[in-house]
Amino acid sequence: MGRRAVAYISGGALLLRSRLDQDITRTYPELAGVAAAAGGHQLILDGEIVASGDDGRPSFAALQRRMHVRRPSAGLAAAVPVTYLAFDVMHIDGRALLRVPYAQRRALLEDLELAGPDAGVPPSFPGAGQAVLGRQPPARPR
């Protein structure tokens, strides 16, 4: 429902790279605030850029209006705002985390408190399918 993007955050700046390793930072200028939300951390995040439809849910059709516009006008950015939803932290403050179990990476990601107007961390539903169907995220491991 969104566009996969790796976010590189360093020195208060954000670089977004697509699945094909293209720089897409200028396509989504309103996401620059994600770097500020990182609180001075140097990060590499994995996530998706999403736009909401009329029902408030992520809509790929809405996002398509933005995907191939290299430098959107202020009007287009206002009409089709986007959010970065981070679902993994792969690197933090000089430390690679790819060999760290996902549950621990997820806890680190949630501790970053990235939620804001530009970014969010969607809920996690580890375990059996009943956790997802019941929409009750299990307690976070520590």
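Trainee: Where does Arg 66 lie?
Mentor: Arg 66 lies in helix α2. Keep in mind that this is a predicted model.

Trainee: Is Arg 66 buried or exposed?
Mentor: Buried, because its relative accessibility is 0%, and the cut-off for buried is under 20%.

Trainee: What does the side chain of Arg 66 reach, then?
Mentor: The backbone oxygen of Val 80. A polar atom of the Arg 66 side chain lies 2.7 Å from that oxygen.

Trainee: What else is Arg 66 in contact with?
Mentor: Leave aside neighbours within four places in sequence. Then the contacts include Thr 27, Tyr 28, Pro 29 and Glu 30. Pro 72, Leu 76, Ala 77, Val 80, Pro 81 and Val 82 are also among them.

Trainee: Which residues of α2 are buried?
Mentor: Ala 62, Leu 63, Arg 66 and Met 67. Seen down the axis of α2, these buried residues fall within an arc of 145°, so they line one face of the helix.

Trainee: Why would residues three or four places apart point the same way?
Mentor: Because an α-helix has 3.6 residues a turn.

Trainee: Which exposed residues sit on the face of α2 turned away from the buried side?
Mentor: Ala 61 and Arg 65.

Trainee: Moving on to the core. How many residues has the largest nonpolar core?
Mentor: It has 31 residues. Those with the most contacts inside it are Leu 16, Tyr 28, Leu 31, Leu 45, Ile 49 and Tyr 84.

Trainee: Which elements give two or more residues to this core?
Mentor: The strands are β1 (3–10), β2 (13–18), β3 (43–51) and β4 (82–92). The helices are α1 (33–37) and α2 (60–67). β4 gives the largest share, five residues.

Trainee: Now the strands. How many bridges join β1 to β3?
Mentor: Seven, and the two strands run antiparallel. Tyr 8 has Ile 44 in β3 as its bridge partner.

Trainee: How do β1 and β2 pair?
Mentor: In the antiparallel sense, over six bridges. Val 6 stands opposite Arg 17 in β2. The hairpin has two residues between the strands, and Gly 11 takes a positive phi near 60° there.

Trainee: Which residues other than glycine have a positive phi?
Mentor: Asp 21 is one of them, with phi near 65°. Glu 113 is another, near 55°. Most residues other than glycine have a negative phi.

Trainee: Where are those two?
Mentor: Asp 21 lies in the loop between β2 and α1. Glu 113 is in the loop between α4 (102–111) and β6 (119–120).

Trainee: How accessible are they?
Mentor: Asp 21 is partly exposed, at 48% relative accessible area. Glu 113 is exposed, at 64%.

Trainee: What about Asp 55?
Mentor: Asp 55 lies in the loop between β3 and α2. It is exposed, with a relative accessible area of 59%. A polar atom of its side chain lies 3.0 Å from the backbone nitrogen of Arg 57.

Trainee: Last one. Which element has the lowest mean pLDDT?
Mentor: Helix α5, residues 129–133, with 64. The highest is β2, with 97. The protein averages 89, and 89% of the residues score at least 70. Where pLDDT is low, the predicted coordinates should not be read in detail.

Notes:
Residues are numbered from 1 along each chain as its sequence is written. This is a predicted model: local features need pLDDT of at least 70, side-chain atom pairs count only at pLDDT 80 or more; totals for chains, interfaces and linings use all residues. Side-chain values use heavy atoms; hydrogens and water are left out. A nonpolar core is a set of buried Ala, Val, Leu, Ile, Met, Phe, Trp, Tyr and Cys residues joined through side-chain atoms within 4.5 Å. Buried means under 20% relative accessible area, exposed over 50%, partly exposed in between (1.4 Å probe, protein chains only). Helices (H or I, at least four residues) and strands (E, at least two) are DSSP runs, numbered from the N terminus. pLDDT is the predictor's confidence in each residue, from 0 to 100. A polar contact is a pair of N or O atoms within 3.5 Å; within protein, one must be able to donate a hydrogen and the other to accept it, and residues adjacent in sequence count only if both atoms are side-chain atoms. Contact means heavy atoms within 4.5 Å. The arc is that of the directions from the helix axis to the C-beta atoms. Two strands pair if DSSP finds at least two bridges between them.
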